[in-house]
Amino acid sequence: MADLNLYQSLVASAEGGGHHGPNFLGLMVYILLVVGVMFGLMASAKKGLNSRFFTRPITQKFEQLYLFIENLCIGIIGSHGARYIPMIMTFWLVIFISNLVALFFPTSPTADLSFNLGLALISIAYVQYEGMRANGFVGHWRHFAGPKLGPALIIINIMLFGIELVSEMMKNLSLSLRLYGNIDGGHRAADAMTQLSSDYYIPLGAFLLPIKLLTCVVQALIFSLLTCVYISLVTHHDEGHADDQHGSDELAAAH
């Protein structure tokens, strides 16, 4: 009976058009599986770091992934983007491996809206923290009100602040619903195609595997890329200060 309950927890309950993802127990099992795979891959890649040249294929793959994430961060955020590589790398690995799990199991963490909403909340909270660290607490929240228009037009600043605040909160829905819709929608499309061809014993849904594999990469990229864009929007003043400081250092060295 316990095995049956665990199996029911791990499979998607799509009957009746209701909730399609796993229940709480199943979601925890899938999250542990994703974390285990992620740390296992990183531990295996670390073994190849002892030599001057990376000869282990998995170490070479992680090197390429690091260079990709580094280019993504510096290209979008700016010269100070390297400091955000660990956070963006974590998002990319968690989402990509979770999406890969969806190719081999009935569902995955990213096919559950609550898991994706949790990732989005972490992403947006981290963006706000970096914004406050770069511009100060008051400076970060004051920029939501737009430019100073004087006492007579202060009502416009208040309206802008409210609109920008709602826009920031909507980013959580945008990030989570996009990921959930693509991964869960892929499952439902494959299931529907397999059911249509079940009378002919043809797993028609399996032909969607190349598209689903492409979706795994694209959705991890979109989530990471948008997080980089949000960080860039709230820390561009920090980059200006950094550039000014760098220019001042060069000027001082010339003197």
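Angles under 35 degrees count as roughly parallel, over 145 as roughly antiparallel, 65 to 115 as roughly perpendicular, and the rest as oblique.

What you see is a predicted model, in which local features need pLDDT of at least 70 and side-chain atom pairs count only at pLDDT 80 or more, while totals for chains, interfaces and linings use all residues. Residues are numbered from 1 along each chain as its sequence is written, and side-chain values use heavy atoms, with hydrogens and water left out.

Helices here are DSSP runs (H or I, at least four residues), numbered from the N terminus. An axis is a line fitted to C-alpha atoms over the stretch in contact, and angles run from 0 to 180 degrees between N-to-C directions.

Start with H5, residues 113-135, and H7, residues 154-196: their axes are 8 Å apart, at an angle of about 140°. H5 and H7 are therefore oblique to each other. The crossing is right-handed, that is, the near helix is turned clockwise from the far one by less than a right angle. Contact means heavy atoms within 4.5 Å. On the H5 side the contact residues include Leu117, Leu121 and Ile124, and on the H7 side they include Leu175, Leu179 and Tyr180. By class, this contact has nine nonpolar, five polar and two charged residues. Ala, Val, Leu, Ile, Met, Phe, Trp, Tyr, Cys and Pro count as nonpolar, Asp, Glu, Lys and Arg as charged, and the others, Gly among them, as polar.

H7 also packs with H4, residues 85-104, at about 15°, with axes 10 Å apart. That makes H4 roughly parallel to H7. Ile95, Asn99 and Ala102 of H4 meet Leu179, Ile183 and His187 of H7. Four of these residues are nonpolar, two are polar and none is charged.

Elsewhere, H2 (residues 24-46) and H3 (residues 57-77) cross at roughly 105°, their axes coming within 8 Å. H2 and H3 are therefore roughly perpendicular to each other. Leu41, Met42, Ser44 and Ala45 of H2 touch Ile58, Thr59 and Phe62 of H3.

Last, the cavity. On a 1 Å grid over the protein atoms alone, a cavity is a set of points where a 1.4 Å probe fits but cannot get out, and lining residues have an atom within 4 Å of a point. Which residues line the largest cavity? They are Leu175, Arg178, Leu179, Gln219, Ile222 and Phe223. H7 and H8 (209-254) each give two or more residues to that lining.

Technical notes:
1 Å grid on protein atoms, 1.4 Å probe; cavity = no way out; pocket = protein on both sides within 12 Å on 5 of 7 lines; lining within 4 Å.
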